[in-house]
Amino acid sequence: MSALVQIGASSAPHRVATQVRSLRAGEKFMLALVGLGCAGLLFAALAPGSWAAKGAMGVFWFALIVLGGSWYFWMAYGRSHPGIKNDGIFHSATTHRGALAWIIGVALTAFYVALYWHGDSLSPVYSLLDPLALALTGASADEWFLYGALYTAAVGVFGVRMAMKYRHSRYQLIRTGSVFFFQLGFAFLLPGMLKKINQPDFYFTYFWPLKPDYLLPFDYVMGESGILAAQYSGTSVGRFMILWAALMLLVATPLLTWFFGKRWYCSWVCGCGGLAETMGDPFRQLSDKSEKAWKIERWSIHLVLVSIVAITALLWFNEWSGRALLGDDGSGLFWKSYGLVIVMAFSGVLGVGFYPLLGSRFWCRFGCPMAAILGFLQRFFSRFRITTNGGQCISCGNCSTYCEMGIDVRSYAQRGENIVRSSCVGCGVCAEVCPRGVLRLENGPVANRFDGADKPLHEAMRALGLAARD
Amino acid sequence: MHVVIIGNGVAGVTAARHLRKRNSHVRISIISGESEHHWARTALMYIYMGHMQFTDTKPYPDPFWKKNRIELVRGWVSLVETEAKTIRFEGGRTLSYDKLLLATGSRPNRFGWPGEELQRVSGMYSVQDLARLEAASPGLRHAAVIGGGLIGIELAEMLHSRGIRASMLVRESSYFSGVLPDEESQMVNEVILEQGIDLQLSTNLTEILDDGQGQACAIINDKGERIEVGFVGLCAGVSPNVAFLEGSGIEVSTGVVVDSQLRTNTVDVFAIGDCAEIREPGATRGKVTAVWYTGRMMGETVAENLLGGARDYNPGIWFNSAKFFDLEYQVYGEVPAATSKGEEESPASLLWMAPGGRQSVRIVHRNGAVIGFNLMGTRYRHRVCESWIQEQRSVEYVLKHLNDAQFDPEFSRRWTREIQQALEASA
């Protein structure tokens, strides 16, 4: 009787009998390598001695973790038949906000706090990567090099996990390959190599407003020596970078979103998306699906967009007015506040640090101004939709549960409606977990795009109370 | 007017939703003994397997009911008094109605097996069934699944996900051969065996043994073998849940007998979903259909008729789908089962199977017109298949336009040309 009450009456995790999956010898060995690598890094960081001597070992221990982790996931997920592998997700403390989730969440958060506000405190660790940094960028490592290396390693190791977990799906394989390619190539190697040849470490896959400084009149963080100073200094490389950032935003973004939806960026190219789709995958089910959360989402993401537009306009105006409006420091204050609240606290600490507690796309859903623009384009000017296959939906709820953006996919599918939502990043996992093959991500003629669903204009009118609700 | 709906499954709930959509004044009550809120029992397996929580299976958020002024009443109905237009609950409470809608669903079949009433024996249909399995699961190493249908294989998969060995007793000589054609049925047999399920074909349950404390401890099959198990799942089909209507005057055969407008023999009493038995169903559909979407369709139809309409229930071309472990299955239209072989006028079919893979496409045709699709490991568009069947398209036409029906995820390996070539050659 007690079990019955628990299952029927509450959303609390009910007591279940689960069997601990026994590890195979190879899996144990790979996990041992990860543990050994972590211990090695710790000892190397604490041990006395010159950084140059320790560095080689540091890179070795780091590589051991990456290798052991990747290989472990390869073996662990390769064991079972290709297909959906969500057994025990809600029985596990890690993936259901249990003890381990809190430990991981706090540790990640602490790392971001150290990174943004006490970067020097990470020097015993980042110095260990000096040999790697010297080879790539020509300079010794700093906290940002460490961050880039860890980020890329995470996308790689958990990318192996993602690929093996969904290896029955070529969409997921290619997409996972894509996010790793863009993270490694465009967010790690290329900026590093640019630095080595004394060019600004430009990120070709980030644009205003996700990276607002690329279209600001001046670099308010690094001053005259910063990236933008170099860009605006009149060198041809600098001019190219500005041109690139503007072209990507004004031409490529609307065009690609018209053809493919916002997914071309959010779940194929973007680094934040890349981490969410790999390291964040174990936590995708934690997103809040309530209508209230959707309401908050629409307010908060658009507020962030409005504020960055306003700040950008203000800074340009100040620049044009010969800095008469705000003075030199005044502009910096605006930009630095945005950086502190939105970039550091929101996208970093909350966005990634709270993965195990709030789900993997908290920043993308509630904060990212780039996602807001892409979402607007996707809703109104795109061929992308998720098609519902006639009357096959059985309302089971797998699609909604595993939507990292908290979209109640089922509410559309069970009415036979297509899903055309601005927040959808097109990860395709709803279509994977559907046990009846009801959903398909498609780019197609706009004529039948809203099959069954409300046209955006009608929905907006309903939201404003100008048209009747069902 | 007060409409009382017995049962909060998809049929009853859909009826309530559409009633409210059409009429904002009618009072609507939904009675359920099983659960406070409507949940998708199609997701029962995913709760046990840890893919979802119970709360995730609810298709509508909890405030939905209040917002739409649909009253939820908890309780088991023991009697319907049609003269007084009153229903009586266990425990004596009563509720009066102006119109009554029976949407009480199914009950797992029990065929009078010795020991079927023991503890640790259960169907796999309701919240209560799930709780029974959960209660039996700690320390459970081996369980028996009785029945080779859609629920049986789901229970086998549930047990398998927790590392519990499942012995699956199937009456037929091949899994689901009462529905699937031979080759597809064989394909599923292979999938079941590959997962390490102890699949016992052509085997029936004889007896469930008592451990001396009223709990099941073993089963004996009709080959005389004894299998030690800590749980027995009865999954040999379901029947309409109508026992409580005895003596009410409402006509019951297998289910509650209704006409094409879902009306029973008793005035102001309607029945829909699994518990309804259509007196004269169309040629391709049975009298009782226990699938999700027919409940939904009947609910939509009956809402109109409860408000005085006269709409016929028309489910259209048959379709269904399922997933056997990792193997997806879809069917549209008429597809003859393996066991129906040798019948007269059995339609011809073209079958393509992926080389070495778990994929197949079967196109069934009669007199040159396509009448059905049976698909394993590939997805086709419902609307396209439906319109081809309705329009009686030729095999040649369908093969030529096969790509229009494709619903597999982007970048999936497409076999269209191979299928077209193979099937054209055999057509």
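Over how many bridges do β13(B) and strand β14 of chain B pair, and in which sense? I looked this up first: β13(B) and β14 (residues 216–221) pair in the antiparallel sense over 5 bridges. A note to myself: two strands pair if DSSP finds at least two bridges between them. Strands (E, at least two residues) and helices (H or I, at least four) are DSSP runs, numbered from the N terminus.

**Ground rules.** This is a predicted model, where local features need pLDDT of at least 70 and side-chain atom pairs count only at pLDDT 80 or more, while totals for chains, interfaces and linings use all residues. Residues are numbered from 1 along each chain as its sequence is written, and chains are lettered from A and ligands numbered from 1 in the order in which they are written.

I followed β13(B) and β14(B) into an open sheet of 3 strands, with the order β13-β14-β15 and antiparallel pairing. Its edge strands are β13 (205–210) and β15 (226–228) of chain B, each pairing on one side only. Within it, I found B:Ile208 opposite B:Ile219 in β14(B).

**Chain B as a whole.**

**The hairpin.** Next I turned to β21(B) and β22(B), which run antiparallel and are joined by 6 bridges. B:Lys323 has B:Glu328 in β22(B) as its bridge partner. The hairpin has 2 residues between the strands, and B:Phe325 takes a positive phi near 55 degrees there. Is β21(B) largely enclosed or open? I found 5 of its 6 residues buried, so β21(B) is largely enclosed by the rest of the structure.

**Where chain B meets chain A.** The contact takes 47 residues from chain B and 46 from chain A; two residues are in contact if their C-beta atoms, placed from the backbone, lie within 7 Å. Elements that give two or more residues to chain B's side include β21 (319–324), β22 (327–333) and α4 (127–136). Which of the elements gives the most? I noted α4(B), with 6 residues. The residues on this side divide into 20 nonpolar, 15 polar and 12 charged. Here Ala, Val, Leu, Ile, Met, Phe, Trp, Tyr, Cys and Pro count as nonpolar, Asp, Glu, Lys and Arg as charged, and the others, Gly among them, as polar.

Notes:
A residue is buried if 20 or more other C-beta atoms lie within 10 Å of its own, exposed if 12 or fewer, and partly exposed in between; C-beta atoms are placed from the backbone.
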